[in-house]
Number of protein chains: 2
Amino acid sequence: MLDTILRVNMNNLSARQDKLTDTYQYLAGRALSSRLLFDEVPAHCEPLGPKNKLIFTCGLLAGTTTSCANRLSIGAKSPLTGGIKESNAGGIAAYKMGRLGIRAIIVEDIREDEAWYILLISKDTAILKPAEHLRNKGLMEKASILYREYGEKIGLILIGPAGEKRLLAAGVANNDTNGVPSRYSGRGGLGAVMGAKHLLGIVLDDTGCSAPAAHDPQGYVQIVREFHKMLLSAPQTAEIFPKYGTAAMMEITNNLGGLPTRNFQTGYFDGAGKINGDALYQTITERGGEGTPTHACMPGCLIRCSNIFADKTGRRVVTPLEYETLSLLGPNLQVDDIDMIADVNYLCNDYGVDTIEIGCAIGVAMEAGVLQFGDTDAVRDLMRQVVEDTYLGKIIASGCVVTGKVLGVRRVPAVKGQGMAAYEPRAIKGTGVTYATSAMGADHTAGNVARANLRHDVKDHQVSASRNAQIGMSLVDALGFCMMISPGLKSRDILAEMINAYHGWKLTLQDLEQIARQNLNLEREFNAKAGFTKIHDRLPEHFYDEVNPATNSVFDISETDLEEMLF
Amino acid sequence: MLDTILRVNMNNLSARQDKLTDTYQYLAGRALSSRLLFDEVPAHCEPLGPKNKLIFTCGLLAGTTTSCANRLSIGAKSPLTGGIKESNAGGIAAYKMGRLGIRAIIVEDIREDEAWYILLISKDTAILKPAEHLRNKGLMEKASILYREYGEKIGLILIGPAGEKRLLAAGVANNDTNGVPSRYSGRGGLGAVMGAKHLLGIVLDDTGCSAPAAHDPQGYVQIVREFHKMLLSAPQTAEIFPKYGTAAMMEITNNLGGLPTRNFQTGYFDGAGKINGDALYQTITERGGEGTPTHACMPGCLIRCSNIFADKTGRRVVTPLEYETLSLLGPNLQVDDIDMIADVNYLCNDYGVDTIEIGCAIGVAMEAGVLQFGDTDAVRDLMRQVVEDTYLGKIIASGCVVTGKVLGVRRVPAVKGQGMAAYEPRAIKGTGVTYATSAMGADHTAGNVARANLRHDVKDHQVSASRNAQIGMSLVDALGFCMMISPGLKSRDILAEMINAYHGWKLTLQDLEQIARQNLNLEREFNAKAGFTKIHDRLPEHFYDEVNPATNSVFDISETDLEEMLF
């Protein structure tokens with residue numbers, strides 16, 4: 001069950017289904033995408049060239065309605081970082097993959113002609129179909145067309161115009177339980193890899209399919225019930241996330257002096273009260289209409305940290321509005337206008353670019369004086385330029401490192417080419433350690449430490465906290481679970497129990513953690529073969545030399561300490 | 001003699017003269033700039049940040065009128081490559097440094113305020129003077145103003161607007177025997193480093209100075225006479241270079257299928273006859289006026305490979321018009337219009353950008369379809385955009401790698417971030433080996449093999465040919481000589497003899513070669529500490545996978561063979 005690998009070649013337009021070999025038996029999600037990349041892609045290859053592969057994987061419980069178990073992982077050598085990349089998202093695509101029995105889709109080679117395709121996967125077939133009619137259309141329109149053609153129930157994985165243009169901030173979206181294609185594997189420029197392959201989208205039609213029955217149906221139901229009870233008994237997962245979503249984080253980071261403000265110049269934003277979790281909740285509930293503060297992006301999700309943000313007339317603007325976006329398009333630009341943030345978020349989603357990378361890039365452009373910090377009209381105009389594909393727009397959509405290069409800015413908040421998420425690393429040093437040492441580049445989802453129970457602005461214990469977080473995330477990612485379960489997960493053993501009951505395996509938690517650690521080492525080894533060294537496991541210079549005024553601290557985790565990051 | 005180091009700090013505006021310590025006694029030119037960088041600059045530092053230093057050095061015979069002995073070396077950590085950089089040029093600045101007794105100028109720290117400076121060096125003083133009046137002015141105008149202020153006889157080292165904007169293709173120019181500031185240390189973005197330091201220029205006033213007398217005056221005169229005779233007795237240095245300049249190379253490379261054409265798609269250009277050495281000579285001589293095919297850029301140069309190119313009315317357009325520029329703004333763009341090339345060359349010189357990097361970047365933009373190959377009007381317009389600092393202009397002036405990233409192009413002719421010079425590496429594989437393995441990035445001046453006596457399109461002997469060329473260039477660069485002496489240099493021993501007679505030393509050629517080899521290893525070690533690995537010693541993927549149609553060859557020097565590059 002869930003044992004098919006679909007291999008598609010964009011050059012000869014072939015599609016082939018193979019059974020998963022024993023080597024990969026226990027691997028899924030990020031562990032499978034990274035392992036396949038390691039095994040099949042030359043580490044030094046050109047990311048937009050024919051040797052790179054784009055890999056879609058689901059988790060080990062994909063296709064079931066177990067809460068939080070249907071993350072879609074996408075992997076490739078990243079054109080943004082030059083290293084290995086996995087970026088995962090909620091939505092329904094992985095659920096559909098599970099019901100289709102496909103654990104991995106491997107897309108090979110590229111096209112340089114004028115032909116563009118979609119990959120249509122249904123119960124018995126997988127074919128590439130010409131799709132010129134979708135070219136240069138926003139994600140919303142692409143999805144509408146495909147719903148008309150293939151019905152409303154399909155799963156969709158899509159790139160926007162940004163991916164087609166191979167812009168380095170381009171992400172890959174899939175659709176959610178409401179059919180909105182805004183669940184982003186946003187990081188690392190994976191949309192550009194898909195664009196280089198001339199693959200505009202994947203349609204997952206699971207008509208006639210169902211999730212394979214569990215190996216031990218009764219046992220599975222029972223253990224999943226226990227898992228759900230666990231999630232519903234923790235305050236974070238039962239109350240806070242459903243109400244405030246990920247935006248609940250903003251009060252925490254702002255209080256820690258760790259909310260990136262004005263291109264990461266400082267970590268405290270006095271306008272946070274207008275855009276934090278509470279403000280978001282109040283705004284959504286007061287406006288009513290299509291908005292809702294509580295929304296499940298994946299089938300069966302009990303945490304429902306997603307939301308639908310509506311404008312003053314009650315019409316949906318964007319779904320979801322999340323912490324990273326609120327922060328990087330908000331405080332990082334000195335903006336406290338929640339409607340501007342939502343509008344720009346919508347444009348990012350429809351054009352197909354990562355809001356984190358765009359937020360970092362606009363912050364850098366502000367530091368360069370292209371526009372002023374706090375100028376919401378200028379941000380709106382700049383985002384229009386991104387969507388209209390002006391050269392300034394192209395620069396921004398190439399990410400913050402390229403933006404810094406073109407504009408001559410030395411304070412660029414990035415590691416390994418990728419912009420930082422919304423945790424200021426001098427204030428929240430454990431997440432800074434993750435930024436520095438993760439093979440993924442600056443990425444909170446690689447191991448966020450902001451909720452850990454330690455003092456965040458001192459250097460003690462940060463390396464071990466980051467290590468634990470990175471291993472934990474690698475575990476969650478390897479199983480296809482959502483990171484939002486973590487606060488409610490009193491014991492990780494239950495993860496092994498669910499997997500075993502479903503698949504009839506006898507894995508211990510230690511086995512799974514071993515897979516998680518091995519994967520972290522394998523990702524590092526890929527990067528080493530791609531040319532990364534310990535020198536790349538550092539933050540940008542200015543975080544060591546200039547204090548975050550909100551905490552009066554610099555990033556002072558030594559190179560030697562960072563080198564102790566062993567999995 | 002020639003034993004002063006001038007150390008300038010742009011933050012506290014201090015300038016201090018120290019005696020050269022014994023450690024550096026025998027080092028000059030590139031060997032000195034690289035050694036100082038190695039000793040004083042953290043390899044992982046941000047190139048545009050306060051820890052990088054910009055270092056100007058002259059050769060061991062600087063200040064004398066010995067032919068070809070007055071190259072100016074400029075070194076820094078490169079913002080273009082992220083590695084160590086030295087780029088040298090002719091002109092009169094190093095001659096003035098020699099007469100002032102200064103072997104190295106080290107510029108430290110940066111400024112981020114609105115204050116900009118020039119460094120004024122005269123017999124007894126060195127001071128930083130405010131120079132806001134020079135801001136944003138082209139190099140020609142900057143030079144005119146400074147000649148008015150300090151007299152016509154000064155040496156000048158200047159950046160243009162490109163350097164002020166910290167654009168990655170920005171070079172540093174010095175003035176020639178005619179006072180024209182167009183002798184470029186063009187490569188590696190050194191102009192951006194100078195711009196980050198807010199140093200607009202250096203004025204070298206040698207009033208009251210003279211070259212120190214040789215330790216053995218008679219012996220020195222005699223050996224220099226012999227050296228000059230040697231240069232005047234070789235056909236290359238006595239006849240071909242004075243007549244055709246470096247453009248003599250075009251017939252050679254085109255016949256080898258190694259003339260980069262259409263973004264390095266092929267190596268043969270059928271319009272080469274309109275822009276090669278002969279065409280250049282004919283055009284210049286027919287037009288007369290201010291033009292001349294034979295011109296010395298450095299005091300005392302006998303080879304005189306420089307030229308002055310005049311327009312149809314006989315007015316000077318640019319000096320010099322050289323092979324690399326003719327090729328990368330010509331065949332590489334499918335252009336055979338020598339006047340367009342000269343005009344664009346002038347704009348590059350005045351704005352302060354490297355013609356090689358700009359030629360590569362425009363080639364990449366053509367591959368992206370921004371403009372068409374062969375469209376001379378579009379090239380002129382694009383160059384105007386560079387000078388007018390539009391966003392497209394900024395992209396181009398950020399070099400070919402950034403251009404490729406922003407425009408989604410995978411075929412970018414660069415190594416370690418730097419665009420290739422005008423030797424197609426599948427046809428002239430030895431120079432390809434140099435591109436791949438040099439610490440400097442793709443750079444013909446690091447060790448060009450195009451004139452070596454071997455078959456260039458096969459893989460045999462290329463690694464050893466490149467090694468010899470790299471050691472030879474390191475030697476010439478360490479002494480402050482011009483690479484153009486090489487074809488006339490029947491024996492290298494004479495270099496040691498001149499140095500010894502001048503300084504009273506007893507160095508053997510082997511000692512000098514040891515310095516040259518040590519320097520190559522030291523440059524590599526700097527890069528290793530900056531994060532470079534053997535993976536970075538490769539050409540871009542497509543040169544291995546796609547044939548050069550003019551030779552039907554790919555670049556097939558294996559990684560293992562490249563790793564045999566030991567100095």
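How are H12(B) and H15(B) oriented to each other, roughly parallel or roughly antiparallel? Before the answer, a word on the model: it is predicted, local features need pLDDT of at least 70, side-chain atom pairs count only at pLDDT 80 or more, and totals for chains, interfaces and linings use all residues. Residues are numbered from 1 along each chain as its sequence is written, chains are lettered from A and ligands numbered from 1 in the order written, and side-chain values use heavy atoms, leaving out hydrogens and water.

**The helix pair in chain B**

H12(B) and H15(B) are roughly parallel to each other, a label for angles under 35 degrees. Helices here are DSSP runs of H or I with at least four residues, and strands are E runs of at least two, numbered from the N terminus. Their axes, lines fitted to C-alpha atoms over the stretch in contact, lie 8 Å apart at an angle of about 15°. Contact means heavy atoms within 4.5 Å.

| Helix | Residues | Contact residues |
|---|---|---|
| H12(B) | 355-367 | Glu357(B), Cys360(B), Ala361(B), Val364(B), Ala365(B) |
| H15(B) | 400-407 | Cys400(B), Thr403(B), Gly404(B), Leu407(B) |

**The sheet in chain A**

Over in chain A, six strands make an open, mixed sheet, ordered E8-E7-E12-E9-E10-E11; strands pair if DSSP finds at least two bridges between them. E8 (126-130) and E11 (183-185) each have a single partner strand, so one side of each is left without a neighbour in the sheet. E7 (117-121) and E12 (199-204) of chain A pair in the parallel sense over five bridges, with Ile121(A) partnering Leu204(A).

Technical notes
Axes fitted to C-alpha atoms, helices over the stretch in contact; angles between N-to-C directions. Parallel < 35°, antiparallel > 145°, perpendicular 65-115°, else oblique.
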